[in-house]
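Keep the model open beside you as you read.

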Amino acid sequence: MSTDKKIPDDYSVEPDDTDDAYARELKLEPTTAAPDEKSDEPRPKTFHSRREVAVDEPAPQRKRRFTHAETSGLAISAVMLVYSFATADKPLFFVSLSLLTFLLRPLIGALFGKHSRAVQNGLYTFSVVLFVGALIMLFASS
C-alpha cells in the first residue's frame with residue numbers, strides 16, 4: 001500500500017515558535033526546547049491548562065440553582081400531576097411523574113453524598129423508562 005503524501009522523519013507535533021510571525025510580533029521566547037538539548041539556563045515559564053491541586057485542599061463545591069426554565073417545568077409538571085390524579089388520567093400521570101423525576105434528579109441525588117452520581121443515573125433511567133411506558137400506555141389504551 002503506497003501513500004501519496006510523504007511525511008518527513010523530523011515531523012513534530014510541537015509548533016516552532018521561532019518561525020511564527022505572531023510570536024515574533026509579540027516578542028515571545030520559544031516555549032519548547034529539543035529533548036536532547038541540556039542547558040543550565042532555566043526554561044521560560046509557560047502557562048498550562050492543568051491546575052495543580054494540593055492534596056489537603058478540598059475540591060471546590062459549586063451550588064447549583066434551578067434555572068427559570070427548570071423551575072417552570074417543575075411547576076407545570078406538578079400541576080399536571082395533580083390534574084391527572086383528579087381526572088384519573090393514567091398516561092398523563094406517568095408523563096408528569098417522569099418529567100418531575102427528571103427535573104428533581106440533582107436535588108434528590110445531592111441527598112446521597114458520594115453515591116450521588118449513581119442515584120442520578122438511576123433516576124434518569126427511571127424517568128426515561130416511565131416516559132416510554134406512558135407513551136405505550138397512551139396508544140395501547142385506545
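Which residues are buried in α2? This is a predicted model, and in it the buried residues of α2 are Glu-70, Gly-73, Leu-74, Ser-77, Leu-81 and Ser-84. Looking down the axis of α2, you will find these buried residues within an arc of 105°, so they line one face of the helix. Part of their cover comes from α3 (90-103).

Helix α2 has 20 residues (68-87), and at 1.5 Å a residue it should span 28 Å; the C-alpha atoms at its ends are 29 Å apart, which agrees. After α2 comes Ala-88, with a positive phi near 60°.

| Side of α2 | Residues |
|---|---|
| Buried | Glu-70, Gly-73, Leu-74, Ser-77, Leu-81, Ser-84 |

Now for the surface. A nonpolar patch there is formed by Phe-102, Tyr-124, Val-128, Phe-131, Val-132, Leu-135, Ile-136, Leu-138 and Phe-139, and together they have about 830 Å² of accessible area. Which helix gives the most to the nonpolar patch? That is α5 (residues 116-140), with 8 residues. Tyr-124 is located in α5. Its relative accessibility is 42%, and Tyr-124 therefore counts as partly exposed, a class that lies between the cut-offs of 20% for buried and 50% for exposed.

How values were computed
Residues numbered from 1 in each chain as written. Predicted model: local features only at pLDDT ≥ 70, side-chain atom pairs only at ≥ 80, totals over all residues. Heavy atoms only, no water. Helix = DSSP H or I, 4+ residues; strand = E, 2+ residues; numbered from the N terminus. Expected span 1.5 Å × (residues − 1). Buried < 20%, exposed > 50% of the residue type's maximum accessible area, 1.4 Å probe, protein only. Arc of directions from axis to C-beta. Contact = heavy atoms within 4.5 Å. Patch = residues over 30% accessible without salt bridge, like charges linked within 9 Å, V, L, I, M, F, W, Y side chains within 5 Å. Areas by Shrake-Rupley, 256 points an atom, 1.4 Å probe, with all protein chains shown as cover. Salt bridge = Lys/Arg side-chain N within 4 Å of Asp/Glu carboxyl O.
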